[in-house]
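Please keep the sequence and the model in view while reading.

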Amino acid sequence: MNKLTVPAKIENLQKVMDFLSNQLDSVDYIMKARLQLELSIEEAYVNIVNYAYGSEEGEIIICCNVDKSPLKVKMQFIDYGNPYNPLKSENPDISLNAEEKEIGGLGIFLIKKNVDDISYEYLDGKNILTIQKKLNDC
């Protein structure tokens with residue numbers, strides 16, 4: 001697995017996206033699947049930046065593995081912030097109009113809808129969010 005460690009700051013989002021691009025340089029993928037993965041990675045990263053450390057500073061470790069047969073990307077987001085399992089949150093009611101909807105929860109909902117597998121564990125003082133996405137089918 002390849003690894004990138006960045007301070008948990010929004011300005012490092014482009015580094016994370018560039019890291020993903022570098023991992024996918026040598027593979028052929030379906031563009032729709034890649035865009036779904038990119039959206040999911042962006043949502044996961046921004047959620048960690050905004051909520052994991054509160055007002056404290058911290059870092060995010062991103063690990064990436066690309067399996068070529070079948071073509072699948074596995075990304076892990078690891079932080080030492082407050083324990084939080086985003087998968088325990090209820091899905092938002094997307095049938096409500098904008099005025100009736102509560103703020104929050106849509107990012108994790110989008111991730112769940114756009115990846116093949118998502119899991120969370122809290123282990124040895126670390127939040128570990130794992131996302132897997134096949135890139136050769138949608």
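## The nonpolar core

In this predicted model, the largest nonpolar core has 36 residues, and those with the most contacts inside it are Ile62, Val73, Met75 and Phe77. A nonpolar core is here a set of buried Ala, Val, Leu, Ile, Met, Phe, Trp, Tyr and Cys residues joined through side-chain atoms within 4.5 Å, where buried means under 20% relative accessible area, exposed over 50%, and partly exposed in between (1.4 Å probe, protein chains only). Two or more residues come from each of β1 (2-7), α1 (13-23), α2 (31-51), β2 (59-68), β3 (71-79), α3 (106-114), β4 (117-123) and β5 (126-134), and α2 gives the most, with eight residues.

Isoleucine 62 shows what such packing involves: leaving out residues up to four places away in sequence, Ile62 touches Asn2, Lys3, Leu4, Val6, Val16, Phe19, Met75, Gln76 and Phe77, a contact being heavy atoms within 4.5 Å.

## Basis and confidence of the model

Residues are numbered from 1 along each chain as its sequence is written, and side-chain values use heavy atoms, with hydrogens and water left out. Because this is a predicted model, local features need pLDDT of at least 70 and side-chain atom pairs count only at pLDDT 80 or more, whereas totals for chains, interfaces and linings use all residues.

The pLDDT, which is the predictor's confidence in each residue from 0 to 100, averages 89 over the chain, and 86% of the residues score at least 70. Among the elements, β1 has the highest mean (98) and α3 the lowest (83). Where pLDDT is low, the predicted coordinates should not be read in detail.

## Overall organisation

The chain comprises three helices and five strands, which run β-α-α-β-β-α-β-β from the N terminus on; helices (H or I, at least four residues) and strands (E, at least two) are DSSP runs, numbered from the N terminus. Of the 138 residues, 41% count as buried, and among contacts between residues at least 6 apart in sequence, 66% join residues at least 24 apart.

In α1, the buried residues are Leu13, Val16, Met17, Phe19, Leu20 and Gln23. They lie on the same side of α1, because they cover an arc of only 150° around the axis, the arc being that of the directions from the helix axis to the C-beta atoms. The buried residues of α1 pack against β1, α2, β2 and β3.

Helix α2 has 21 residues and reaches 30 Å from its first C-alpha to its last, close to the 30 Å expected at 1.5 Å a residue, the expected span being 1.5 Å times one less than the number of residues. Its buried residues include Arg34, Gln36, Glu38 and Ser40. Glutamate 42, also in α2, is partly exposed, with a relative accessible area of 36%; Glu42 and Val16 are 26 residues apart in sequence and 8.4 Å apart in space, C-alpha to C-alpha.

## Two buried polar residues

Glutamine 36 is in α2 and is buried, with a relative accessible area of 16%. Its side chain makes a polar contact with the side chain of lysine 133 (2.8 Å), a polar contact being a pair of N or O atoms within 3.5 Å, of which, within protein, one must be able to donate a hydrogen and the other to accept it, while residues adjacent in sequence count only if both atoms are side-chain atoms.

Asparagine 114 belongs to α3 and is buried at a relative accessible area of 14%. The side chain of Asn114 reaches the backbone oxygen of leucine 110 at 2.8 Å, and, apart from neighbours within four places in sequence, Asn114 is in contact with Gln36, Leu39, Ser40 and Lys133.
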